[in-house]
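The sequence and the coordinates come next.

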Amino acid sequence: MKFDTVIIGGGLAGLACGIRLQNRGFKCAIVSAGQSALHFSSGSFDLLNELPDGTAVANPEEAVRSLDPKHPYAKIGDQFAFYAQEAKQLLLDSGVEVQGDSKQNSYRITPMGTTMPTWLTLADFTCLKNATDVIGKKILLVNIAGFLDFNTKFIADAFEGNGAACKIVSVSLPEFEKLRQSPTEMRSANIARILENENTLHALASRLNEQASSCDVIALPAVFGLSSPAPLQTLKRQIPTPVCIVPTMPPSVPGIRTQKRLRRVFELAGGFYMLGDSATTAETGDGKVYAISTVNHGDIALRANHFVLASGSFFSNGLWASMDGVREPVFGADVDFDPNRNNWYNASVFEPQRYRTFGVATDERFRIKINGKVQDNVYAIGSVLSGFDALQEGCGAGVSLLTALYVADQLKK
Ligand SMILES: Cc1cc2nc3c(=O)[nH]c(=O)nc-3n(C[C@H](O)[C@H](O)[C@H](O)COP(=O)(O)OP(=O)(O)OC[C@H]3O[C@@H](n4cnc5c(N)ncnc54)[C@H](O)[C@@H]3O)c2cc1C
């Protein structure tokens with residue numbers, strides 16, 4: 001099988017790159033082993049919240065100039081602001097409604113009820129201008145009875161710590177009875193499936209309206225809309241009180257919706273998405289890659305002019321760590337890591353962890369190297385890259401989106 005570009009990994013980076021390339025007239029295939037980090041998403045996309053030295057960032061467009069040259073954003077250089085805007089536009093054009101600005105971080109609510117800076121937040125979620133926006137608000141904090149991945153007590157403590165007053169209630173509807181028989185079934189995605197039904201939404205709205213008379217805001221778990229924002233819009237139309245959606249523990253309903261939406265847009269643009277297949281090995285020579293093999297396609301190799309590695313970090317198996325090193329399993333690409341294993345981690349779990357900055361080494365155009373030799377037609381994007389700590393710096397989605405679009409624009413047919 002021959003394509004213009006084969007992308008390995010169909011998470012945020014792989015899909016953004018694939019959509020951009022399809023729109024530029026390329027014929028692309030995405031090979032994707034399984035779930036991506038989007039399935040665990042907070043509902044917000046971070047661009048840059050903190051510099052590696054711990055300095056808080058208010059304006060990512062300004063702060064990016066202080067980053068080390070090895071950081072992926074430093075390779076994008078002066079085009080950072082342009083690609084941040086393009087990335088937001090790609091989400092909007094794909095039907096992923098987001099709010100936020102790359103010149104000014106806003107705040108999102110975490111599953112623990114605390115606030116954190118962020119760049120773009122899905123339109124369903126509450127995006128705060130300041131962490132203290134909840135001061136003086138009377139919040140009705142509602143859970144679905146038996147749903148354990150939404151800890152109302154922690155959330156109420158955090159809201160109250162920021163100056164709000166909370167009342168916790170739990171709502172029970174007959175439609176959830178079957179799920180409640182097994183705690184393992186009482187998960188966000190299953191609840192969201194039940195809440196696709198208009199009658200159930202109507203029953204929920206009636207219950208909420210009965211309780212909401214003296215509150216300013218109703219806070220609900222993010223269990224609405226696996227395929228579209230419609231269920232939440234329907235619910236909101238039936239409730240006069242403002243509604244604030246708070247993320248749950250994984251799986252993330254809005255993250256799954258984003259993944260499904262981006263995949264659909266890629267396929268509608270003519271892209272070929274191979275879900276559940278894994279790239280295994282590559283045919284290389286003369287500083288190029290000619291083809292890759294996958295588990296499902298056996299001896300039918302996938303050939304392409306360009307390959308893009310978007311296989312994620314350790315979490316998604318894009319990087320493998322062993323006792324003596326870190327490796328990238330498909331191409332055997334060079335990886336930036338510290339050979340002294342004692343330096344990989346900090347015993348204090350809340351401190352920055354060195355291993356999180358390990359990843360595939362690339363040249364200034366994001367081309368991978370094998371045994372020190374740059375591969376002319378293979379690029380790496382997203383969280384498989386080295387040079388940043390997505391968690392500490394709060395830049396995970398930004399690196400994935402911006403490197404994806406930057407690389408897509410470098411490729412020539
Ligand atoms: C649990 C978790 C939660 C996060 N939440 C947020 C958040 O809320 N906001 C934020 O800004 N950032 C978040 N991040 C940071 C995150 O890394 C980025 O936001 C971004 O989604 C990563 O996208 P990616 O496409 O680079 O990698 P991934 O999402 O990891 O996708 C890589 C994909 O490649 C596939 N793959 C791997 N190997 C192969 C192979 N050999 N063949 C085929 N496919 C393969 C994997 O199955 C996976 O689907 C989170 C990260 C994690 C780990």
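A salt bridge is a side-chain nitrogen of Lys or Arg within 4 Å of a carboxyl oxygen of Asp or Glu. The model is predicted: local features need pLDDT of at least 70 and side-chain atom pairs count only at pLDDT 80 or more, while totals for chains, interfaces and linings use all residues. Residues are numbered from 1 along each chain as its sequence is written, and side-chain values use heavy atoms, with hydrogens and water left out.

The whole structure holds 14 salt bridges. One of them pairs the side chains of Arg 263 and Glu 267, at 3.3 Å from N to O. Because these two residues lie four residues apart in helix α10 (residues 253-268), about one helical turn separates Arg 263 from Glu 267. Helices (H or I, at least four residues) and strands (E, at least two) are DSSP runs, numbered from the N terminus.

Helix α1 (residues 12-23) packs against helix α12 (residues 396-410) at an angle of about 30°, and their axes are 8 Å apart. That angle makes α1 roughly parallel to α12, a term for angles under 35 degrees. Axes are lines fitted to C-alpha atoms, for helices over the stretch in contact, and angles run from 0 to 180 degrees between N-to-C directions. The crossing of α1 and α12 is right-handed, meaning that the near helix is turned clockwise from the far one by less than a right angle. On the α1 side, the contact (heavy atoms within 4.5 Å) includes Leu 12, Ala 16 and Arg 20; on the α12 side, Leu 401, Leu 405 and Asp 409 are among the residues involved. The contact residues divide into ten nonpolar, one polar and two charged. Here Ala, Val, Leu, Ile, Met, Phe, Trp, Tyr, Cys and Pro count as nonpolar, Asp, Glu, Lys and Arg as charged, and the others, Gly among them, as polar.

Two strands pair if DSSP finds at least two bridges between them. Strand β5 (residues 106-109) is joined to β8 by two bridges, and Tyr 107 stands opposite Leu 128 in β8.

| Residue | Backbone value | Loop |
|---|---|---|
| Pro 251 | cis peptide bond with Pro 250, omega about 0° | between β12 (243-246) and α10 |
| Asp 286 | positive phi of about 50°, not a glycine | between β14 (279-285) and β15 (288-294) |

Definitions and conventions
Angles under 35 degrees count as roughly parallel, over 145 as roughly antiparallel, 65 to 115 as roughly perpendicular and the rest as oblique.
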